[in-house]
Amino acid sequence: MTNFSELPADLPIPQDDGSTDHLQGMRLPNLSLRATNGQLIEIGGVKGRLVIYCYPMTGQPNVALPDGWDQIPGARGCTPQSCAFRDHYQELQALGADVMGLSVQTTDYQQEMVDRLHLPFPVVSDANYEFQKALDMPTFIAAGMTLLKRVTLIANHGVIEAVHYPIFPSDSDAAWVVDYLKKR
């Protein structure tokens, strides 16, 4: 069984391909997406600071990862990234930021991860690629699935003020966000 909490030492490092250069300064789309807390969240209507960490796909216990997953730069590490945001959640809240995860998996798929990892924040489903299309978020294809590349957005009153991309290793993302917010 694969240990999703540990990152293999030989993962390829993702390179900045410029696919997120257009995001800073954009408004978050006025979309309502289903969240694991049972609510529809109006993404563009969230007041204050909002951290949205977009990730490809979380693995599930006893289910094999797609073939070649570890060879795709930036694909592996959704569980460590989510756990890092869980572990920094109180600090992020103290810095005035709400947190949510976002992937293209269904809410039911995401709920398993939220429960297993005890995440204190919602994860929203972009299963219809509405968020991805509205912001032209970068994707890749694995095992016939179109998945989001790992990107973190920090928005203030609906306007994207910072973009973290590429993210490597994935568990460094939450600390990057904390550092960014402390400097503001």
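**Helix packing and buried residues in the predicted model**

Helix α1 (residues 78-87) and helix α5 (residues 173-182) have axes that come within 7 Å and cross at roughly 40°. Because of that angle, α1 counts as oblique to α5, the label for angles that are not under 35 degrees (roughly parallel), over 145 (roughly antiparallel) or 65 to 115 (roughly perpendicular). Axes here are lines fitted to C-alpha atoms, for helices over the stretch in contact, with angles from 0 to 180 degrees between N-to-C directions. Helices are DSSP runs of H or I with at least four residues, strands runs of E with at least two, numbered from the N terminus.

This is a predicted model, with local features needing pLDDT of at least 70 and side-chain atom pairs counting only at pLDDT 80 or more, while totals for chains, interfaces and linings use all residues. Residues are numbered from 1 along each chain as its sequence is written, and side-chain values use heavy atoms, leaving out hydrogens and water.

On the α1 side, Q81, A84 and F85 meet D173, A174 and V177 of α5, contact being heavy atoms within 4.5 Å.

Turning to helix α3 (residues 107-117), T107, Q110, M113, V114 and L117 are buried, meaning under 20% relative accessible area (1.4 Å probe, protein chains only). They sit on the same side of α3, because their arc around the axis is only 120°, taken from the directions from the helix axis to the C-beta atoms. Their cover includes β1 (32-34), α1, β4 (97-103) and β5 (123-125). After α3 comes H118, with a positive phi near 55°.

L28, in the segment before β1, is buried too, at a relative accessible area of 5%. Beyond its neighbours within four places in sequence, L28 touches residues including I43, L50, F131, L153 and I160.

Definitions and conventions. Buried means under 20% relative accessible area, exposed over 50%, partly exposed in between (1.4 Å probe, protein chains only).
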